[in-house]
Amino acid sequence: QLQASGGGLVQAGGSLTLSCVASGRDAGTHHMGWIRRAPGKEREFVAAITWSGSRVYYADSVKGRFSISKEATTVYLQMYDLKTEDTGVYYCAAERGDWLTLPDEYDYFGRGTQVTVSS
């Protein structure tokens, strides 16, 4: 199971930190990622981290503003300098494959947490 939290309403330029706790027998053995869906748009890869924490990946749109990290079975997404286009539902996701930047490759998704950035 994946339980995400930390979403909310923030003004443009503000910051938020999302958390995702993985639970279950294999928690901690999957690569983890954040996928978002903006209103009226397709799912979009945001950031990912390998199960060991040794490699991280970011969408070009968030590079330099977002930071993904993990501690045991909890994954964090620190978001700085938020923009209105960052608005959407953010889903924590997990997979064991090799394509961490492709939303369709993830095997498990949490329920999502809403992030709204106002201008």
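## Contacts of Met 79

Leaving aside residues up to four places away in sequence, Met 79 touches Gly 14, Ser 15, Leu 16, Leu 18, Arg 65, Phe 66, Tyr 90 and Val 115, where contact means heavy atoms within 4.5 Å.

## Basis of the model

This is a predicted model, in which local features need pLDDT of at least 70 and side-chain atom pairs count only at pLDDT 80 or more, while totals for chains, interfaces and linings use all residues. Residues are numbered from 1 along each chain as its sequence is written, and side-chain values use heavy atoms, with hydrogens and water left out.

## Nonpolar core

Met 79 is also one of the residues that touch the most other members of the largest nonpolar core, together with Met 32, Trp 34, Val 46, Phe 66, Leu 77 and Tyr 90; this core has 31 residues. A nonpolar core is a set of buried Ala, Val, Leu, Ile, Met, Phe, Trp, Tyr and Cys residues joined through side-chain atoms within 4.5 Å. Buried denotes under 20% relative accessible area, exposed over 50%, and partly exposed in between, with a 1.4 Å probe and protein chains only.

Two or more residues each come from S1, S3, S4 (31-37), S5 (43-49), S7, S8 (74-79), S9 and S11 (113-118). The largest share, 5 residues, comes from S5. Strands (E, at least two residues) are DSSP runs numbered from the N terminus.

## Strand S4 and its partners

In S4, 6 of the 7 residues are buried, so this strand is largely enclosed by the rest of the structure. S4 pairs antiparallel with S9 over 7 bridges; two strands pair if DSSP finds at least two bridges between them. Within this pairing, Met 32 stands opposite Ala 94 in S9.

S4 is also joined to S5 by 6 bridges, again antiparallel, and Trp 34 has Ala 47 of S5 as its bridge partner. The hairpin of S4 and S5 has 5 residues between the strands, and Gly 40 there takes a positive phi near 75°.

S1 and S3 are joined by 4 bridges, and Ala 4 stands opposite Cys 20 in S3.

## Disulfide

The structure holds 1 disulfide, a pair of cysteine sulfur atoms within 2.5 Å. The link joins Cys 20 to Cys 92 with an S to S distance of 2.0 Å, and is left-handed, with -80° about the S-S bond. Cys 20 lies in S3 (16-22) and Cys 92 in S9 (88-95), so the pair ties together parts 72 residues apart in sequence. Cys 20 is buried at 0% relative accessibility, and Cys 92 is likewise buried at 0%.
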